[in-house]
Amino acid sequence: MHVHVASSLVTATATPPTSVPDERDQRWTPRLWGVLAVLCLVMFLDGLDVSMVGIALPSIGTELGLSTTSLQWIVNGYVLGYGALLLLGGRTADLLGRRRVFLIALAVFAAASLVGGLVDDGTLLIITRFVKGVAAAFTAPTALSILTTTFREGHARNKALSIFAVFGASGYSSGLILGGLLTSAGWRWNFLMPVPLAILALIAGIALIPRDRPADTGGHDLAGATTLTAGMLLAVYSVVSAPERGWADPVTVALFVLAIALLAAFVVIEQRVAHPLVRFGILRIGPIVRANLAMIALFGSYLSFQFMLTIYFQAALGWSPLRMALALLPAGLIVAFGSPYMSRVFDRYGTQRPIVAAMVALSAAYVWFLAFGGDATPSYVTDILPSVVGIGLGFMLAFSSIMSQATAGVHDSEQGLAAGLVQTSGQIGGAVLLAATTALVTAGSHTADGMGAATFDQFRPGLTLVTGVAVAGLVVMLAPSRRRRRDAEPDPVVDEVLEPVAP
């Protein structure tokens, strides 16, 4: 639809770029289209990888002897590597140069994909997934910051973001079909498939992406990076291991306390260090905060929902990988065909209204599946398809809307921070929610490894949690917006963030 060495905050004093309402003020040359094509190919790869690996999880578990808890680490290893380093990726792009960071990370992504398809050990596979997530943590925000600094704010940027989202959706929907077909031939092909595409993107990026000038000043917040990474990894591990060890076990309690202490230390460090990883001042801007919370609800709920569906359909109902892929395909197609029109929606309604509508669609989709998906032989058309359509509509409306709102009004020097922040919110929130969902699913299992549940009841607590998160996202977006106080001092980096308004 996905460990923290820090780079510094670059404080800008320049005036933010003037918003350009029409892309005709910016000439879309063949090279400009070429740059967008490279960025979209990387976005396509990200969507492709997530969906292909998700479909292959039961086959991987069977061949390598992995339990449900271990399988979630194949997903969460990638998500944590991705989320824990996204802020580093965005700020490193600002500090060292977007082109250089993008190309190096893309090369690592290709190498990790190759190694992942060749290993025979579950632990090594999880490690390669983590490394791949680390690489994606640099390519994703850097690609977005290259896009937002290449295309001027306004209609041109909205149009580029919509195209960007289309390729992500196309990658996801293509990955579903390819994942089903490739898993039938062998799950390793799901890891090897992205390699040639990544190499193609690397070659094209070297030729087309223009060189940019790194920031003149800055430093590395190593202490902040270390505490954030260690805290998040420990928090997820604590949640995943708690059901087996016991929630009240002294070791479990100690792990949670240590994780909280590390995250609290990160907050303290960021307020005192000369070049913080995160400039907390950006979180005083209401639309940006709401965009980040909406991304947590969007990505976090769906990541856990897909994980449960993959196990339930294939391990419990006996569906083939291809049938599972085809069942989810309509969601990807809705996003792929609907996203090109989202720039028109932004122009007319702003970003908040589409996000609210997306949260309504997601909440309704999860509620429907909870109500009707638990039959012993569920009907796809009446019991499953409505939920799949609701998820597709939610992603179509929300993804580029959230990205646009999270980066609007932010100066070029902090586009990497803003882009990394919103994606970090989704990835870290998704990792924690997936860990909690896995704990609920395994706790309700009647088997030693948590696989092969005989009834829908094992998944009901996890589905209820996912539904609650989506509803919480809706409540946040419906909350009254707080405008910045008129007598507040002007922010040197963010001069103004426009609230979404009706036409």
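Arginine 460 counts as partly exposed, at 33% relative accessibility. The cut-offs are under 20% relative accessible area for buried, over 50% for exposed and in between for partly exposed (1.4 Å probe, protein chains only). This is a predicted model, where local features need pLDDT of at least 70, side-chain atom pairs count only at pLDDT 80 or more, and totals for chains, interfaces and linings use all residues. Residues are numbered from 1 along each chain as its sequence is written, and side-chain values use heavy atoms, with hydrogens and water left out.

**The chain as a whole**

- The chain has 16 helices and zero strands. Both are DSSP runs numbered from the N terminus: helices are H or I with at least four residues, strands are E with at least two.
- Of the 503 residues in the chain, 60% are buried.
- The accessible surface comes to about 19,400 Å². Carbon and sulfur atoms hold 66% of that surface. The method is Shrake-Rupley with a 1.4 Å probe, and for residues only the protein chains shown count as cover.

**Salt bridges**

- Side chains of opposite charge can pair when their charged atoms come close. A salt bridge here is a side-chain nitrogen of Lys or Arg within 4 Å of a carboxyl oxygen of Asp or Glu.
- The whole structure holds five salt bridges.
- One of them joins arginine 129 to aspartate 49, at 2.9 Å from N to O. This pair links distant parts of the chain, with arginine 129 in helix H4 (residues 122-150) and aspartate 49 in helix H1 (residues 30-64), 80 residues apart.
- Arginine 129 is buried at 4% relative accessibility, and aspartate 49 is buried at 0%.
- Lysine 132 also meets aspartate 49 in a salt bridge, at 2.5 Å from N to O. Lysine 132 is in helix H4 and aspartate 49 in helix H1, so this pair ties together parts 83 residues apart in sequence.
- Lysine 132 and aspartate 49 are both buried. Shared partners join Asp49, Arg129 and Lys132 into one network of salt bridges.
- Arginine 460 has a salt bridge with aspartate 457, and their closest N and O atoms are 3.5 Å apart.

**Aromatic rings**

- The structure has twelve aromatic pairs. Rings of Phe, Tyr and Trp (its six-membered ring) pair if their centres lie within 6.5 Å; planes under 30 degrees apart are stacked, over 60 edge-to-face and the rest tilted.
- Tryptophan 187 and phenylalanine 191 have ring centres 5.5 Å apart and planes at 80 degrees, so they are edge-to-face. Tryptophan 187 is buried at 3%, and phenylalanine 191 is buried at 2%.
- Tyrosine 302 and phenylalanine 395 are edge-to-face too, because their planes stand at 80 degrees, with centres 5.4 Å apart. Tyrosine 302 is in helix H10 (residues 286-316) and phenylalanine 395 in helix H14 (residues 380-407), so the pair ties together parts 93 residues apart in sequence.
- One aromatic cluster includes Phe305, Tyr312, Trp319 and Phe459.

**Charges over rings**

- A charge sits over a ring if NZ of Lys or CZ of Arg is within 6 Å of the ring centre and within 35 degrees of the ring normal.
- Lysine 132 lies over the face of phenylalanine 109, 4.8 Å from the ring centre.
- Arginine 323 has its charged end over the ring of tryptophan 319, 4.1 Å from the centre.

- Met342, Ser343 and Phe346 are buried in helix H12 (residues 342-349). They cover an arc of only 105 degrees around the axis, so they lie on the same side of H12. The arc is that of the directions from the helix axis to the C-beta atoms.
- Serine 363 is in helix H13 (residues 352-372) and is buried at 7% relative accessibility.
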